[in-house]
Every structure is written in C-alpha cells, then in structure tokens.
Amino acid sequence: MQISSRFTLAIHIFACIDTFGNEYKVTSDFLAGSTNVNPVVIRKILGQLKKAGLIAVARGTGGITVLRPFEEITLLDIYRGVECVEKGELFHFHENPSTDCPVGRNIHHILDDKLLRVQAAMEKELSSITLEDIRKDTEKYLGANGDL
C-alpha cells in the first residue's frame, strides 16, 4: 500500500508558492514545470487544496495565495485536503473475506484496532509538522546547494 503522490505534490506546491511567489506568478503550468507532472493533475490538487480552505486561486490572471500562515498549516491538514481515504480510514480491507475460514471470519477482530492505532500515530506525527518546518528545510537545502 502506498499513499497517493497527491500528498507530496501538494507539499511541493506549497514550497514553490513560498519560494517563487514574490518573483513569479505561480500557476499550474509553472508548478507542472517544477513537479514534472501534467498541469491537469496540478489543477486537480489545487482544487482540492482550495476546497480544504488552504489556498485561493485567482482566475484569469492566475496566481495562488496561501490562506493561513505556514506555522498554522500542518501536513495533516494537507493530507486530509488531498487524500481520498474511504470513510476516513487509511487501511482498506480486501473485499469479502471468507466466513467459512476461521481467519477470514475473524480478521476484522484481529486487525481493526491495531490498524486504527497505526493510523492515529501517523496522523499525530503529521499534525506535528507544519509548512513552516518545510519552509525552513527548503531554505536550508536551497541555500546549501547554491540553488537560490
């Protein structure tokens, strides 16, 4: 199982907005160039981030505005904004385990609470990291590599 790349793409988008927003008009085409992803995919993610109340997108003239300070946006906010987890559950069970098998009949009893604990731990960690943390690391790595 793997979390969709929409999550890391969304973080990449925020890093680009912060890094280039004062110098360039950050548009879906601009972001597509940085991420090497089709602009249609970028626009879909931007729509999800907008719906989550994290950004505003100017129509026509283009450009993206982050609606809250970076220290108030967590990776959990972004994850929830772009990930489509069914019924809020990270783990999805295979359909119809056999009730004729003792393992199949009891697999939910065996795993459900453990998987919920794993999800809660992941969400707790995501909630402890903000875009401000990402900003600091971006500045650190771009400066160290002479990229800016």
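## Basis of the description

Contact here means heavy atoms within 4.5 Å. The model is predicted, so local features need pLDDT of at least 70 and side-chain atom pairs count only at pLDDT 80 or more, while totals for chains, interfaces and linings use all residues. Residues are numbered from 1 along each chain as its sequence is written, and side-chain values use heavy atoms, with hydrogens and water left out.

## Residue F7

Leaving aside residues up to four places away in sequence, F7 touches L75, I78, Y79, V82, E83 and L126.

## Packing of α1 and α4

Helices are DSSP runs (H or I, at least four residues) and strands likewise (E, at least two), numbered from the N terminus. The axes of α1 (residues 6–20) and α4 (residues 75–82) cross at roughly 125° and come within 9 Å; axes are lines fitted to C-alpha atoms, for helices over the stretch in contact, with angles from 0 to 180 degrees between N-to-C directions. The two helices are therefore oblique to each other, a class left after roughly parallel (under 35 degrees), roughly antiparallel (over 145) and roughly perpendicular (65 to 115).

On the α1 side, R6, F7, A10, I11 and F14 make the contact, and on the α4 side L75, I78, Y79 and V82.

## Nonpolar core

A nonpolar core is a set of buried (under 20% relative accessible area, 1.4 Å probe, protein chains only) Ala, Val, Leu, Ile, Met, Phe, Trp, Tyr and Cys residues joined through side-chain atoms within 4.5 Å. The largest has 29 residues, and F7, F14, L31, L49 and I78 have the most contacts inside it. At least two residues each come from α1, α2 (28–35), α3 (39–51), β2 (64–66) and α4; α1 gives the most, with eight.

Technical notes
Buried < 20%, exposed > 50% of the residue type's maximum accessible area, 1.4 Å probe, protein only.
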